[in-house]
Amino acid sequence: MELNSLGFLFFFVAFFILYWFGTGGRIKLQNILLLAGSYLFYAVWDWKCLFLLIASSAINYFLGIEIGKTENEKKRQVLVWFGVLYGILSLVYFKYTNFFITSFIDAFAFFEISLNIHTLKIILPLGISFYTFRTISYILDVDKGKIEPVTNWINFFAYVAFFPCIIAGPIDKARTFVPQLEKKREFDYSMSVNGLKQILWGLFKKVVVADNCAEITNHLFADYANLPSYLLLLGAFLYTVQLYTDFSGYSDMAIGIAKLLGINVTINFNYPFFVQNVAHYWRNWHMSLTSWLTEYVFTPLSIKFRDYDKWGIILASIINFVIVGAWHGANWTFVLFGFLHGCYFIPLILRGRMNKKIPKIEKLPNGKELRNMVATFLLIMFTNVVFRADSVSHAFSYLAGILTQHFVVNVADIEYLSLIKLSILLVIILVFFMLEWKGRAKECPLYVILQNRSRYLRWAFYYVLIVMIFLYVGEEQEFIYAQF
Amino acid sequence: MERSQVLEEVNEIFKDILDNDEINLTDTSTADDVEEWDSLTHIQLVVAVEKHFDIRFKSKEIQSWNNVGEMINSITEKIQ
C-alpha cells in the first residue's frame, strides 16, 4: 500500500473520518486509533515482520522506564548500551548478514580459495532502518535527560510505528513527537489545507517528475556500455533529479498526511540543490537523518578526537558519512558513496568553512553563488551515480564512460528514448525548479505560490497539477527509500 | 578563582579563537548569539578552554551544555 496508491486513499479517508469524528476528540481514543491504523498499514505490507516491530517497541519502552528509574550510573550505562546494541545488531542482522557473508567469500576468492558457505534467507523488515533510529535516539535522550521516559505505552508504540513515516521517514525524535500525542488535538483548518497542499506537491514530485525520470534512467543505467558520454551525463542528471523528487516527494506526502491528523512531523528537505557547498547540501538534504547522525555520531566522535584539531573533525566526518552511506543498504556502492561525501568535507574543514552561516540569496544568485550552486550539484551528481549503480565496478564503468565514450548516436535509433517525451520532461524539470526557487522561503512552494493572487487563478494552478498527475503519470515505481 | 573571572577568561579565549573582539559572553549566551561559533569552532573552543585551565572534560559533560553558564559551571567545579 504505497502512499500514492488508491488503496491508501480509501484507507486514509476512512481513518481520517474515524479519527476526527469517531473519537469525540478524546486523546486516548485518537492515539489508540493511530496505533491500530499504523499496525494495520504495516500488516498489509508485511504482517510477519509486524511482530518484530512490536517486540522492538516493547523492549525499548521497558528499557526507557528502567533507565529513568536507575540511579546507579554503571547499571544505567549497561541498560543504555543494551538498548543501543539491540538496535544496531538487529539492523546488522537483517540488513547486512548476507553482505558480510558474500564479502567474506569474495575476499577468499581473491586468493583463489573457495569457501563452501551459503548466504541465509533473511527478509528485510520494512522500515527497520527508520524505526530503529527512532528507538535508539529515544534511549540516548532518556539517558541524557532530554526526555522523560514515556510511561503511556500506547503513545510510545504509536510513535515508533506512526504510519505516514514508518516506511521512509522522516525520522522524528521522541522528544518532539510524543509531547504532541499527549496534547489535545483539534481539527485545524489552515494546518489541514497546508497538509493537502504539501501532499499535492509531493504527489506531483513523485508521480510526474520522479517516475518519468525513472523510466529513462532505468534504461540508461542498464545500457550504459552502448551509450555516448552526453547520454550518460543525462542519465546522471536525471537520476539526481529523480532521487530528490522521489524521496522528498514521499516526505512531503508523509508530512502532509501527519498535518491532516494535527501532528507536526520534522522537516526532511529544504531545497537541497539551492546550496553553496556540500556541507550546506547535507544541512538541507534528508535532514532528519543528518541531524540524527550529527547528534549521536558526529558530535561525540569529534569531541573524542578533539586533540587532533581539524584532522580529528575530518576523521569524525568520514566515519559519519560512511555510516550514512552504509545505512542505505548492504552494498559497497553505498559505503563508497558515504566515503566520497566524507572526503568532500576535507577542504571545507581545512578552510574552516564547514558550518559557516551562508547569507540568504534574496532574488537571484550572483555569479559566484551560481558557480557554487552548479559545482555542488555536479559533485552530488557524480556521487549519485555511485549510489544508483548496482555494484562498484558498474559505477566506475559508468563514470569512465562519461570520460571516454566519445561517439555520437542517433537518439531516434534508441527505442526506449523518445525525443518528444524527453523534451517535455526536461521542460517540466525546468519549470519545477523555477517553482521551487520561487517558493523556497517556506517548507512547501505551494504555501507561497499565487497566495496573493485571485482564488480562481490559484485553483486553476492546482487543477493543472492534478490533471498532470493523472495524465502524465509515469510507470509506477516503488519509492526508492522504501527499500532501505 | 571567582566565577566572574572564569567567565572573563573564557570570553578572552572566545575572542581569540573566533577572531572577534566584540564578543561579550553572559551565562545565557548560546551558539546562536555568536556568528562564528559553529560545531567546528566549538571543538576548538573546548580544546582551548581545557588547555587554558589545565582541565579535561568528559564527552558527556561537553554534550550536556546548553549555554555558556553551564560550561562555566563545569570549569569552576574542576578548578576548585
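This is a predicted model: local features need pLDDT of at least 70, side-chain atom pairs count only at pLDDT 80 or more; totals for chains, interfaces and linings use all residues.
Helices, each at least four residues long, and strands, each at least two, are DSSP runs that are numbered from the N terminus.

View 1. Chain A has 17 helices and 0 strands. Its C-alpha atoms fill a box of roughly 70 × 70 × 50 Å along the principal axes. A compact globule with 484 residues would have a radius of gyration near 23 Å, and chain A, with 23 Å, agrees with that expectation.

**View 2. The two domains of chain A and the place where they touch.** Chain A is divided into domain 1, covering 6–187, and domain 2, which is made of 191–276 + 358–483. The C-alpha centres of domain 1 and domain 2 of chain A lie 29 Å apart, and 15 residues of domain 1 of chain A are in contact with 17 residues of domain 2 of chain A. On the side of domain 1 that touches domain 2, the elements of chain A that give two or more residues are helix H1 (6–22), helix H6 (163–166) and helix H7 (174–182). The largest share of this side of domain 1, 3 residues, comes from H1(A). Sorted by class, the side of domain 1 of chain A that touches domain 2 has 9 nonpolar, 3 polar and 3 charged residues.

**View 3. Helices H2 and H3 of chain A, packed against each other.** Helix H2 (residues 27–69) and helix H3 (residues 73–110) of chain A pack at an angle of about 165°, and their axes are 9 Å apart. Because angles over 145 degrees count as roughly antiparallel, H2(A) and H3(A) are described as roughly antiparallel to each other. H2(A) passes H3(A) in a left-handed crossing. H2(A) contributes Ser56(A), Ile59(A), Asn60(A), Leu63(A), Glu66(A) and Ile67(A) to the contact, while H3(A) contributes Arg76(A), Leu79(A), Val80(A), Phe82(A), Gly83(A), Tyr86(A) and Ser90(A). The contact of H2(A) with H3(A) has, by class, 7 nonpolar, 4 polar and 2 charged residues.

**View 4. Helices H11 and H12 of chain A, with their contact residues.** Helix H11 (residues 287–304) and helix H12 (residues 309–327) of chain A pack at an angle of about 140°, with 9 Å between their axes. That angle makes H11(A) oblique to H12(A), and the crossing of H11(A) and H12(A) is right-handed. From H11(A), the contact is made by Leu289(A), Leu293(A), Val297(A), Phe298(A), Leu301(A) and Ser302(A), and from H12(A) by Gly312(A), Ile313(A), Ala316(A), Ser317(A), Ile319(A), Asn320(A), Ile323(A) and Val324(A). By class, the contact of H11(A) with H12(A) has 10 nonpolar and 4 polar residues, and no charged residues.

**View 5. Chain B and its helices.** The secondary structure of chain B comes to 4 helices and 0 strands, and from the N terminus on its elements run α-α-α-α. The radius of gyration of chain B is 11 Å, close to the 12 Å that the globule rule gives for 80 residues, so chain B is as compact as a globular protein of that length. Along its principal axes, the C-alpha trace of chain B spans about 30 × 25 × 20 Å.

**View 6. The contact between chain B and chain A.** In this view, 11 residues of chain B are in contact with 15 residues of chain A. Helix H2 (39–53) and helix H3 (59–64) of chain B each supply at least two residues of the side of chain B that touches chain A, and the largest share of that side, 5 residues, comes from H2(B). The residues of the side of chain B that touches chain A divide into 5 nonpolar, 4 polar and 2 charged.

Methods: Residues are numbered from 1 along each chain as its sequence is written. Chains are lettered from A and ligands numbered from 1 in the order in which they are written. Domain bounds come from an automatic or database domain assignment. Two residues are in contact if their C-beta atoms, placed from the backbone, lie within 7 Å. Ala, Val, Leu, Ile, Met, Phe, Trp, Tyr, Cys and Pro count as nonpolar, Asp, Glu, Lys and Arg as charged, and the others, Gly among them, as polar. Axes are lines fitted to C-alpha atoms, for helices over the stretch in contact, and angles run from 0 to 180 degrees between N-to-C directions. Angles under 35 degrees count as roughly parallel, over 145 as roughly antiparallel, 65 to 115 as roughly perpendicular and the rest as oblique. A crossing is left-handed if the near helix is turned anticlockwise from the far one by less than a right angle, and right-handed if clockwise. The radius of gyration is taken over C-alpha atoms; the globule rule is 2.2 Å times the number of residues to the power 0.38.
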